[in-house]
Amino acid sequence: MGILKSLFGSSEASKPKNNFNWIALNSMEQLDEIEQKSNSKYQAIFKHSTRCGISSGVLRQFERQEDTGEVDFYLLDLLSFRPISEEITSKFGVMHQSPQLIVLKDGAVVAHGSHYDIMSVKI
């Protein structure tokens with residue numbers, strides 16, 4: 001087995017590195033915290049459907065970017081926390097899509113995108 005790993009590399013080496021320090025978004029109370037924190041630092045919410053191939057692909061592609069620490073990144077599992085997604089739509093006025101990236105600054109949405117447009121959202 002060691003020879004095969006040295007010839008072909010381990011499966012771990014072929015996986016893209018996750019450069020993000022995701023914060024799990026799993027409670028309604030966090031939305032108020034995110035809004036408040038946006039007064040001093042950009043906040044980004046990534047709505048992810050674990051059953052959607054496009055969502056998984058975009059998430060992997062997004063994670064290939066470097067997390068510089070200048071933005072707090074929240075990951076919302078839509079299947080587990082649908083009511084939070086609905087509250088985001090209501091609170092911030094951005095129609096729900098999946099996958100979706102919503103960026104907040106000073107309590108307001110300053111950028112958003114869905115599907116492959118997520119990769120062109122400027123923060």
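Analyst: Contact here means heavy atoms within 4.5 Å. This is a predicted model, where local features need pLDDT of at least 70, side-chain atom pairs count only at pLDDT 80 or more, and totals for chains, interfaces and linings use all residues. Residues are numbered from 1 along each chain as its sequence is written, and side-chain values use heavy atoms, with hydrogens and water left out.

Start with Ile23. Not counting residues up to four places away in sequence, Ile23 touches Gln30, Asp72, Phe73, Tyr74 and Leu75. Leu76 is 53 residues from Ile23 in sequence, yet their C-alpha atoms are 8.8 Å apart in space. Ile23 is partly exposed, because its relative accessibility is 28% (buried is under 20% relative accessible area, exposed over 50%, partly exposed in between; 1.4 Å probe, protein chains only).

Ile23 sits in strand β1. Helices (H or I, at least four residues) and strands (E, at least two) are DSSP runs, numbered from the N terminus. Strands pair if DSSP finds at least two bridges between them.

Now the sheet. It is open, has 5 strands in the order β1-β3-β2-β4-β5, and its pairing is mixed. β1 (23-24) and β5 (108-114) are at the edges with a single partner strand each, so one side of each lacks a neighbour in the sheet.

Further in, β2 (residues 42-48) pairs with β4 (residues 100-105) in the antiparallel sense, over 5 bridges. Phe46 stands opposite Leu101 in β4.

Two helices lie across strands. α5 (residues 82-92) lies across β2, β3, β4 and β5, at about 135 degrees to β2. Axes are lines fitted to C-alpha atoms, for helices over the stretch in contact, and angles run from 0 to 180 degrees between N-to-C directions.
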